[in-house]
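Subject: Handing over a structure, with notes

Dear colleague,

I am passing a structure on to you, and below it I have set out what came up when I went through it. Please read the notes with the coordinates open beside them.

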Amino acid sequence: MDEKLSESWNLIVEELKEDINKKEARKELFTFVLKCFCQELERKGKIEEILKTFETALKFYGQDSNILIELGSFFAKFNRDIEAIDIFSQAYSNDENNLRAYQCLLNVKSKIARWHFQMLNDEERNESFRKAINYWIEKGDKKTVLDIGTGTGILSLYASKCSQVKEIFAVESDQIMCTIAAKVFNENKEMDKLVKLIHKNSTEIIVGKDIPRKCNLVVSEILDCGIFGEGVLETFIHAKEHLLEKDGGKIVPHKVIVNVAGYNSKFLCSNSILLNETFNEYIFLDNYRLVADRSDPYDGEYVDKIKDFKIVTNTCAALESYEPIISGAVPNMNHW
Ligand SMILES: C[S@@+](CC[C@H](N)C(=O)[O-])C[C@H]1O[C@@H](n2cnc3c(N)ncnc32)[C@H](O)[C@@H]1O
């Protein structure tokens, strides 16, 4: 596969060297081959070659934002944040409508994943969680709470406002988010005695060591835009087995529905891989199947901000967990 990719890369570079007028017509294909080739180089650990390849690419396409974004993403992957910020800034200043450049820039600048801000501004989500937590603590008599993936600490904060709550264990695996949660808990004095912050992955928590006993309410928002990307299944299965009281323990949320719909958007497609017969002439994929890179299987977008985005099919439920992970209905959890 690598030889084929390197052959494809050399072919398209030679073609452009011979006739630079083909530049615009070849742009989409060029970016695609560039990306595949560099992913292959990355798998082989040939970091310097990746940078040289991008140097060549930028000779043809100058300041093309999408190529700059690909380059910036490699810098970010290799923890070369300063260079990544520089490249994403260039991509964004070249094209201020480029949503991806803007998001990448924010991500690498803050090191706090952008979706934390989106989640915290999602009032419907917050209110659904607040109501469900309040319901189980005040009416459901659940007094010991485990907040898995506390992030900024918002769900622990909601639990701490309930009069019946006795103790809250807030678990967070990410160091930066843990520091933020500590600040939030510190600022909210009433949380001091109630909340214990634990910097660990929940699957490493040991009852009797990290927490004194099993909890009777687990709250957790580790559902990414595609539901399973944050390891919700492993985490909940582990929590149910090891961290939650067997009798009457509850998990919020307890049910998931994944809806799917077809869409049309040149903008979104240009950020993904599009294979068509034109490409077959240049890349030799007859005996290969393209699969998503497992570390980043999907992405989410605010589609209402994408001008050419259009839903072209009906929406239907592709997956519904009709058997709750822990039985017991949660009221007012329409959204999550
Ligand atoms: C989607 S955020 C939710 C943050 C916060 N609970 C909220 O609702 O705004 C998920 C957080 O959980 C953390 N996380 C995911 N799985 C975890 C696990 N098994 N144990 C501890 N932290 C986890 C991530 O680092 C991230 O900060």
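Leaving out residues up to four places away in sequence, Thr 53 touches Trp 9, Leu 34, Phe 37, Cys 38 and Leu 41. Please keep in mind throughout that this is a predicted model. Thr 53 itself sits in helix H3, which covers residues 47-61. Its relative accessible area is 6%, and because buried means under 20%, Thr 53 counts as buried.

One of those partners, Leu 34, has a contact list of its own: with neighbours within four places in sequence set aside, Leu 34 is in contact with Trp 9, Thr 53, Phe 54, Ala 57 and Ile 67. Leu 34 also belongs to the largest nonpolar core, which has 34 residues, and it is listed there with Trp 9, Phe 30, Phe 54, Ile 67 and Phe 88 as having the most contacts inside that core. Six helices each supply at least two residues of this core, namely H1 (2-18), H2, H3, H4 (65-77), H5 (81-94) and H6 (99-110), and H2 gives the most, with nine residues. Apart from this core lies another one, of 23 residues, which includes Ile 154, Ala 170, Ala 181 and Val 219.

The aromatic side chains deserve a paragraph of their own. A search of the whole structure finds nine aromatic pairs. Among them is the pair of Phe 30 and Phe 60, which is edge-to-face, with 6.0 Å centre to centre and 80 degrees between the planes. This pair links distant parts of the chain, since Phe 30 lies in helix H2 (residues 23-43) and Phe 60 in helix H3, 30 residues apart. Both Phe 30 and Phe 60 are buried, and together with Trp 9, Phe 37 and Tyr 61 they form one aromatic cluster.

What surrounds the ligand? There are 21 residues around the ligand, of which Arg 125, Gly 149, Glu 172, Ser 202 and Glu 221 come nearest. For Gly 149, a backbone N or O atom lies 2.9 Å from a nitrogen atom of the ligand, and for Ser 202, a polar backbone atom is likewise 2.9 Å from a ligand nitrogen atom. In the case of Thr 235, it is an N or O atom in the side chain that is 3.4 Å from a nitrogen atom of the ligand. Taken alone, the ligand exposes 600 Å², and the protein buries 95% of that.

Finally, some totals for the protein as a whole. It has 13 helices and nine strands, and buried residues make up 40% of its 336 residues. Of the contacts with a separation of 6 or more, 72% are between residues 24 or more positions apart. The accessible surface comes to about 19000 Å², and 50% of it belongs to carbon and sulfur atoms.

With best regards

Key:
Residues are numbered from 1 along each chain as its sequence is written. This is a predicted model: local features need pLDDT of at least 70, side-chain atom pairs count only at pLDDT 80 or more; totals for chains, interfaces and linings use all residues. Side-chain values use heavy atoms; hydrogens and water are left out. Helices (H or I, at least four residues) and strands (E, at least two) are DSSP runs, numbered from the N terminus. Buried means under 20% relative accessible area, exposed over 50%, partly exposed in between (1.4 Å probe, protein chains only). Contact means heavy atoms within 4.5 Å. Rings of Phe, Tyr and Trp (its six-membered ring) pair if their centres lie within 6.5 Å; planes under 30 degrees apart count as stacked, over 60 as edge-to-face and the rest as tilted. Accessible areas come from the Shrake-Rupley method with a 1.4 Å probe; for residues, only the protein chains shown count as cover. A nonpolar core is a set of buried Ala, Val, Leu, Ile, Met, Phe, Trp, Tyr and Cys residues joined through side-chain atoms within 4.5 Å. A residue is near a molecule or strand if one of its heavy atoms lies within 4 Å of it. A polar contact is a pair of N or O atoms within 3.5 Å; within protein, one must be able to donate a hydrogen and the other to accept it, and residues adjacent in sequence count only if both atoms are side-chain atoms.
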